[in-house]
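Student: Could you take me through one part of this model closely, namely its aromatic rings and the elements that carry them?

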Amino acid sequence: MLRPTFDDVAEANGFSGPLEKAQLWAGFMSTANGAMYQQVGREQAKIINNGIEAALVDFARSKLQVV
């Protein structure tokens, strides 16, 4: 990922659709999480991931619309 932005990386690898970009994000995040667990330890990494999860759930709920 030696490109300036995520979109540049996605484009360079032929990923253009949302599902392909989601796969690229998942790969990046799992690699970053592995490094984080190794560097800061399991408990600290869990705290960080729990905070990210809570923020994502709040964001997703704010975007839901009743139909």
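Tutor: Helices (H or I, at least four residues) and strands (E, at least two) are DSSP runs, numbered from the N terminus. This is a predicted model, in which local features need pLDDT of at least 70 and side-chain atom pairs count only at pLDDT 80 or more, while totals for chains, interfaces and linings use all residues. Residues are numbered from 1 along each chain as its sequence is written, and side-chain values use heavy atoms, with hydrogens and water left out.

Being three residues apart in helix 2, Trp25 and Phe28 are separated by about one helical turn. The structure holds two aromatic pairs, where rings of Phe, Tyr and Trp (its six-membered ring) pair if their centres lie within 6.5 Å, and planes under 30 degrees apart count as stacked, over 60 as edge-to-face and the rest as tilted. The ring centres of Phe6 and Trp25 are 4.0 Å apart with their planes at 15°, so this pair is stacked. Because Phe6 lies in helix 1 (residues 6-12) and Trp25 in helix 2, the pair ties together parts that are 19 residues apart in sequence. Trp25 and Phe28 form an edge-to-face pair, at 5.9 Å centre to centre and 75° between the planes.

As for accessibility, buried means under 20% relative accessible area, exposed over 50%, and partly exposed in between (1.4 Å probe, protein chains only). Phe6 is buried, at 14%, whereas Trp25 is partly exposed at 38%, and Phe28 is partly exposed with a relative accessible area of 38%.
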